[in-house]
Amino acid sequence: MASSSARLALIAVSMVLLWSVCIATDYVVGDDKGWSPYFNYTQWAHDKDFHVGDRLVFKYDKQKHNVFKVNGTLFNSCTAPNDTEPFSSGHDFISLETEGRKWYICGKSDHCVNRQMKLLIYVGSAAPAPAPTSGAPHSLPSSSSFYIAATLAIAAILFF
Ligand SMILES: [Cu+2]
């Protein structure tokens, strides 16, 4: 008869597998500071590993700020495009749908130029990125890992 600690361990392992395989991450930009002036977003992004499927969450006072997704040129000159509507709900979820560089700025007043309200991130391929092991017969595609993790979780719940 399995102990409850073994059952808990199996559930925990399954949850970690599920998390790493299929749960995308929401990143609250600026953490508790949110999207606000004089925060170093370069440093904030520095230790993050963004992947396709993750989301950026911009939280801010919508009276004072907004969010424009821009290109590198507009980013460098802090220019809000006049042919695009900004995100302006005060609590925006932006899905990272493609790989590559993404640029965001606040379009209000001089917030981008003088108050550091600009964010550049690099988005990698969908998480997790298993090391490409070409020719290795036993490497599983991530969907298989997902089913294994799900099966483990169900087994843990049903049989212990
Ligand atoms: Cu602003």
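Which residues does isoleucine 105 touch, not counting those up to four places away in sequence? In this predicted model, isoleucine 105 touches Phe68, Val70, Phe75, Cys78, Ala80, Cys112, Met117 and Lys118, a contact being defined by C-beta atoms, placed from the backbone, that lie within 7 Å. Residues are numbered from 1 along each chain as its sequence is written. Because the model is predicted, local features need pLDDT of at least 70 and side-chain atom pairs count only at pLDDT 80 or more, whereas totals for chains, interfaces and linings use all residues.

The mean pLDDT of the protein, that is, the predictor's confidence in each residue on a scale from 0 to 100, is 83, and 67% of the residues reach 70 or more. Over residues 134-142 the pLDDT is below 50, and this stretch has 6 contacts in the model beyond near neighbours in sequence. Where pLDDT is low, the predicted coordinates should not be read in detail.

The secondary structure comprises 5 helices and 7 strands, taken as DSSP runs numbered from the N terminus (H or I with at least four residues for helices, E with at least two for strands). From the N terminus on, these elements follow the order α-β-α-β-β-β-α-β-β-α-β-α. Among contacts with a separation of 6 or more, 77% are made by residues 24 or more positions apart. Of the 160 residues, 19% count as buried, where buried denotes 20 or more other C-beta atoms within 10 Å of the residue's own, exposed denotes 12 or fewer, and partly exposed denotes a count in between, with C-beta atoms placed from the backbone.

An open sheet of 3 strands has the order E1-E3-E5, with mixed pairing. Strand E1 (26-28) and strand E5 (91-95) stand at the edges, each with a single partner strand, so one side of each is left without a neighbour in the sheet. The twist from one strand to the next averages 25°, with axes fitted as lines to C-alpha atoms and angles between N-to-C directions running from 0 to 180 degrees. E1 and E3 run parallel and are joined by 3 bridges, with valine 28 opposite valine 57 in E3. E3 and E5, in turn, pair in the antiparallel sense over 5 bridges, and arginine 55 has serine 95 in E5 as its bridge partner. In a regular strand the side chains alternate between the two faces of the sheet. In E3, Leu56 and Phe58 form the covered face, while Arg55, Val57 and Lys59 form the uncovered one.

Glycine 90 lies in the loop between helix H3 (72-77) and E5, and glycine 90 is partly exposed because 17 other C-beta atoms lie within 10 Å. Leaving aside neighbours within four places in sequence, glycine 90 is in contact with Tyr60, Asp61 and Lys62; glycine 90 and lysine 64, which are 26 residues apart in sequence, are 9.3 Å apart in space, C-alpha to C-alpha. Tyrosine 38, placed in the loop between E1 and helix H2 (41-46), has a phi near 60°, a positive value in a residue other than glycine, and tyrosine 38 is exposed, with 10 other C-beta atoms within 10 Å. Glutamine 116, found in the loop between helix H4 (111-115) and E7, has a positive phi near 65°, again in a residue other than glycine, and glutamine 116 counts as partly exposed because 16 other C-beta atoms lie within 10 Å.

Terms used
Contact = placed C-beta atoms within 7 Å. Pairing = 2+ DSSP bridges.
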